[in-house]
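Please read them with the structure open beside you.

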Amino acid sequence: QVQLVESGGGSVQPGGSLRLSCTISGSIFRYNAVGWYRQAPGKEREMVATIFSTGPTKYADGVQGRFTISRDMGMNTWYLQMNNLEPEDTAVYYCNARELSRDGSDYWGPGTQVTVSS
């Protein structure tokens with residue numbers, strides 16, 4: 001059974017940094033995409049950053065240059081380094097693992113709160 005667990009959320013002042021971690025247990029299809037999504041109160045969930053098992057990454061326009069997604073395959077852990085945080089980044093951040101196959105599954109973590117406030 002695949003499980004995703006996020007950690008690293010918290011409260012930070014504008015301009016600060018946080019690093020989120022997502023540890024995946026269980027086995028997923030070797031061709032996959034692991035991403036970070038976020039949902040602010042009253043808003044829809046949106047993609048923040050994604051890294052494909054083959055290497056490429058993509059970012060939402062608003063975080064390009066401030067956020068970096070990376071992975072440690074040996075630790076089955078994916079990271080989101082967030083720098084120069086803004087109040088608009090306040091949201092619950094979710095880790096997602098998507099299997100890139102015809103009947104691939106979609107897995108979500110429970111989420112971690114990030115609050116950016118002075």
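1. Since this is a predicted model, I begin with a strand pairing that can be followed residue by residue: Ile 51 stands opposite Thr 57 in β6. The two strands concerned, β5 and β6 (residues 57-59), run antiparallel and are joined by three bridges. They form a hairpin with four residues between them, and in its turn Gly 55 has a positive phi of about 120 degrees.

2. Thr 57, which has its place in strand β6, counts as partly exposed because its relative accessibility is 37%. Not counting residues up to four places away in sequence, Thr 57 touches Thr 50, Ile 51 and Ile 69. By contrast, Thr 90 is 33 residues from Thr 57 in sequence and lies 22 Å from it in space, C-alpha to C-alpha.

3. On its other pairing, β5 runs antiparallel to β4, with six bridges joining the two strands, and Ile 51 in β5 is the bridge partner of Val 34. The hairpin of β4 and β5 has six residues between the strands, and there Gly 42 takes a positive phi near 80 degrees.

4. A separate point concerns the open sheet formed by four strands in the order β1-β3-β8-β7, where the pairing is antiparallel. β1 (3-7) and β7 stand at the edges with a single partner strand each, so one side of each has no neighbour in the sheet. From one strand to the next, the twist averages 15 degrees. Within this arrangement, six bridges join β7 to β8, and Phe 67 stands opposite Met 82 in β8.

5. Phe 67 and Met 82 also belong to the largest nonpolar core, which has 29 residues, and they are listed with Ile 24, Trp 36, Val 48, Leu 80 and Tyr 93 as the residues with the most contacts inside it. At least two residues of this core come from each of β3 (18-25), β4 (32-39), β5 (46-52), β7 (67-72), β8 (77-82), β9 and β11 (112-116). Leaving aside neighbours within four places in sequence, Tyr 93 is in contact with residues that include Trp 36, Val 48, Phe 67, Leu 80 and Met 82, and also with Glu 6 and Arg 38.

6. How many disulfides does a search of the whole structure find? There is one, and it joins Cys 22 to Cys 95 with an S to S distance of 2.1 Å. Cys 22 lies in strand β3 and Cys 95 in strand β9, so the pair ties together parts that are 73 residues apart in sequence. The torsion about the S-S bond is about -80 degrees, and the disulfide is therefore left-handed. Both Cys 22 and Cys 95 are buried.

7. Finally, I would draw attention to Asn 96, which lies in strand β9 (residues 91-99). Is Asn 96 buried or exposed? Asn 96 is buried, because its relative accessible area is 2%, which falls under the 20% cut-off. The side chain of Asn 96 makes a polar contact with the side chain of Asp 106 at 2.9 Å. Beyond its neighbours within four places in sequence, Asn 96 is in contact with Leu 4, Ala 33, Val 34, Gly 35, Tyr 37, Asp 106, Tyr 107 and Trp 108.

Definitions and conventions
Residues are numbered from 1 along each chain as its sequence is written. This is a predicted model: local features need pLDDT of at least 70, side-chain atom pairs count only at pLDDT 80 or more; totals for chains, interfaces and linings use all residues. Side-chain values use heavy atoms; hydrogens and water are left out. Buried means under 20% relative accessible area, exposed over 50%, partly exposed in between (1.4 Å probe, protein chains only). A polar contact is a pair of N or O atoms within 3.5 Å; within protein, one must be able to donate a hydrogen and the other to accept it, and residues adjacent in sequence count only if both atoms are side-chain atoms. Contact means heavy atoms within 4.5 Å. A nonpolar core is a set of buried Ala, Val, Leu, Ile, Met, Phe, Trp, Tyr and Cys residues joined through side-chain atoms within 4.5 Å. Two strands pair if DSSP finds at least two bridges between them. Axes are lines fitted to C-alpha atoms, for helices over the stretch in contact, and angles run from 0 to 180 degrees between N-to-C directions. A disulfide is a pair of cysteine sulfur atoms within 2.5 Å.
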